[in-house]
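Subject: Structure for you to look at

Hello,

Here is the structure I said I would pass on.

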Amino acid sequence: MDVSRAVSQNEMPLALDAKSEEEYASQAKLLQEYANICSIDKAWTFKSDCGKGSQAMFLVSQANLLANKRRKHMVSANISQESNNSVSFQWTPFPVEMTGVSITVPSPSGLKLLVVRNQENGSPTQFEIWDSSQLQKEIHVPQSVHGSIYTDGWFEGISWNSDETQIAYVAEERSSSKPMFDGFGYKKGGSTDKDSGSWKGQGDWDEDWGETYAGKRQPALFIIDVNSGDVRAVQGIEKSLSVGQVVWVPSTSGLQQYLVFVGWSSESGPQKVARKLGMKYCYNRPCALYAVRSPFHEAEADEVTFKGNESKSSEMVNLTGGISSAFLPRFSPDGKSLVFFSAKSSVDSGAHCATESLHRIDWPTDGKPCSSAVIVDVVPVVMSAEDGCFPGLYSSSFLAKPWLSDGSTMILSSAWRSIKVILSINVLSGEVLRISPSDSSHSWTVLALDGDNILAVSSSPIDPPQIKYGSLTKKKAHASGTWVWMNVSSPLFRYSEKILSLLSSLQFSIMQIPVRDASNNLSGGSSKPFEAIFVSSSCQKDGVCNPLIVMLHGGPHAVSLSIFSKSLAFLSSIGYSSLIVNYRGSLGFGEEALQSLPGKVGSQDVDDVLTAIDHVVDMGLADRSKIAVLGGSHGGFLTTHLIGQEPDRFVAAAVRNPVCNLALMMGTTDIPDWCYVGTYGSEGKTHYTEAPSVEHLNLFYNKSPISHISKVKTPTIFLLGAQDLRVPVSNGLQYARALKEKGVEVKVIVFPNDVHAIERPQSDFESLLNIGVWFKKYCV
């Protein structure tokens with residue numbers, strides 16, 4: 001598809017003059033090359049059939065602009081160890097497109113593959129069981145049993161049992177009955193059948209979990225018998241719980257099989273109100289691990305009861321009642337330990353994301369779940385780290401099989417200040433080691449384990465992704481071992497000569513930015529330098545600086561990492577330097593620095609950004625007269641604050657779904673509790689109410705960018721998702737209209753079917769293209 005040709009026809013795009021049209025076409029052609037770059041979504045490894053080496057399977061996605069979807073395909077390779085200690089990957093000649101596939105999950109042995117296809121228009125969900133050569137079984141589960149399988153990465157949970165006869169999974173509960181009406185009025189008893197003489201009413205409104213979950217029914221737990229095709233709902237789970245992340249308890253011969261899952265109560269607000277607050281990106285929702293018995297059980301096991309729980313065996317037991325958050329459960333290979341993450345710092349403080357901790361429960365030797373098990377702290381929350389030391393856990397994902405062969409060492413990726421690193425954690429001793437290269441500013445993500453070896457991907461803002469294969473120099477993973485990383489040549493990442501040439505002319509560094517007025521009654525962690533990633537051309541003439549784009553992440557409790565970003569690479573390629581600021585409150589810098597921001601939004605974070613800008617200007621790396629600013633969500637909050645508080649500082653601005661007015665957002669967002677916590681700090685949890693007082697609304701307004709709008713004169717482009725439930729479109733539109741009212745140049749693009757992230761391929765393409773053209777217009 002040639003997008004540049006699409007925008008260079010005789011009919012000029014709306015609101016573009018001839019010069020802008022030419023710029024539009026030129027940038028579109030380059031952006032298309034970046035949009036075509038693939039991404040690895042998942043990877044798995046399996047033992048080879050011949051007993052030598054292993055096999056790897058990669059799930060890869062690529063933007064399909066014409067279809068406005070992500071095209072997914074599978075690529076495989078044989079991995080073999082060479083005599084010189086190197087590793088060889090023999091790739092299959094062609095990928096296999098995964099058309100219509102919602103999710104794939106290999107069985108524990110690697111001999112079977114589950115393929116799930118969620119269908120639209122009320123059609124049954126398809127389960128396919130494949131072996132190495134053919135389809136073994138296909139099972140259709142109708143909507144009368146349950147709705148679509150959750151594949152969202154959070155509630156999502158699909159788990160094979162150890163003998164591969166049953167699969168536990170999370171799906172939408174079946175639709176509740178609706179009232180029926182016909183020509184005579186109400187139709188008693190209702191009906192699910194379509195009848196031309198009747199129509200179905202809406203019935204009672206059900207709360208959902210907000211952003212990206214609109215219209216989704218409550219997640220519930222089911223098990224399918226692979227041999228018979230029988231599907232059963234798991235009984236005994238409280239109706240108020242939404243479930244997810246299910247795993248099987250490793251079975252012990254002769255004992256009943258159990259499941260462990262995460263449960264979130266609908267009464268999740270700070271005041272325990274019966275409301276589902278937004279779940280996406282929000283780890284501050286209380287949750288716990290629960291155990292329940294499989295409904296496919298042996299008759300002699302019927303009377304088995306949970307220890308410490310006198311209720312019937314079909315009922316669930318709370319395994320983590322002593323902690324406010326528990327998620328991502330994983331059993332050790334021997335089944336003796338249940339390890340899980342906790343976001344208790346988020347739940348207890350109200351920050352939507354914070355430093356995580358890792359915990360362990362020693363599973364009872366008789367295999368029966370126990371509600372009084374001791375929770376062992378493996379990796380506690382790090383409040384403030386010394387320079388170069390482990391800053392705490394910040395890992396939003398976890399391999400299904402994260403274990404090395406010793407059964408006690410797990411491998412995961414985590415943010416370490418502005419870098420993503422690979423860690424090994426011994427869950428018995430609590431030892432944490434950084435095993436990706438400590439002398440590299442590149443970011444590393446673990447993809448899969450191949451025995452005691454690691455399949456990973458490494459990249460930087462100027463270096464496209466590269467597959468890496470890591471091996472320990474000694475057979476046992478301990479502190480004296482050294483990890484050696486090898487480059488893997490692959491067909492997955494192929495780039496045009498133009499892209500490689502443009503990237504080769506760039507350079508980047510991670511800057512330490514001293515806190516302004518660091519002695520002003522700040523805690524130790526919040527007075528330490530924060531960081532900014534600076535990307536620039538290595539070919540700039542002396543004394544001449546490219547225009548600078550200040551890039552601000554959302555959250556605010558998120559982090560910009562030193563990874564390859566197609567949007568950043570595109571903007572760098574058209575002549576901009578970038579300053580990507582990880583202001584205090586970002587993940588990866590310890591809990592004290594993170595918790596210093598709530599209650600100070602719009603002031604501390606704004607000051608940090610201005611300090612970072614002054615830092616690069618004073619170093620002679622940026623021209624004070626050619627600075628633009630770009631941010632989305634809370635980054636948009638900062639952007640609109642900056643152009644109001646510093647009206648002469650920026651020549652152009654771009655915002656995606658910005659928070660501009662907290663007082664307006666309070667009554668429309670799916671996370672009204674954050675308006676209180678962001679404004680008041682952790683005490684905002686106690687102030688939170690669905691009916692804010694005039695005093696609250698006044699403070700929300702005064703904390704908001706709109707309170708400075710009278711001073712704004714910076715030309716600003718707005719990219720807005722009409723289906724955004726996090727920062728509803730009204731927030732950006734109100735601010736944009738107010739700027740127009742006072743004569744500021746404004747451009748607004750609304751994407752009717754996009755949510756908060758604006759990540760549908762066409763929308764992402766158009767928004768980034770318009771940002772590039774907008775900045776070219778003003779940054780001269």
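A search of the whole structure, which is a predicted model, turns up zero disulfides. As a reminder, a disulfide is a covalent bond between the sulfur atoms of two cysteines. Cys-545 takes part in no disulfide, and the nearest cysteine sulfur to it, in Cys-779, is 14 Å away. A pair counts as a disulfide only if the two sulfur atoms lie within 2.5 Å. Cys-779 is likewise in no disulfide, with the sulfur of Cys-545 as its nearest cysteine sulfur.

Are these two cysteines buried or exposed? The cut-off for buried is under 20% relative accessible area. Cys-545 has 11% relative accessibility, so it counts as buried. Cys-779 has a relative accessible area of 7% and is therefore buried.

Next, the strands. In general, strands of a sheet pair through backbone hydrogen bonds, either parallel or antiparallel. Strand β7 (residues 113–117) pairs with β8 in the antiparallel sense, over five bridges. Within that pairing, Val-116 has Phe-127 of β8 as its bridge partner. β8 also pairs with strand β9 (residues 135–141), again in the antiparallel sense, this time over six bridges. There, Trp-130 stands opposite Leu-135 in β9. The link from β8 to β9 is a hairpin of four residues.

β21 is joined to strand β20 (residues 287–293) by two bridges, and the two run antiparallel. In one of these, Tyr-290 has Asn-318 of β21 as its bridge partner.

Last, the nonpolar cores. The largest has 72 residues, and those with the most contacts inside it are Leu-221, Leu-259, Val-260, Leu-319, Phe-327, Leu-358 and Leu-393. Another core lies apart from the largest one and has 65 residues, among them Ile-37, Leu-503, Phe-508 and Phe-765.

Regards

Terms used. Residues numbered from 1 in each chain as written. Predicted model: local features only at pLDDT ≥ 70, side-chain atom pairs only at ≥ 80, totals over all residues. Heavy atoms only, no water. Pairing = 2+ DSSP bridges. Buried < 20%, exposed > 50% of the residue type's maximum accessible area, 1.4 Å probe, protein only. Core = buried A, V, L, I, M, F, W, Y, C linked by side-chain atoms within 4.5 Å.
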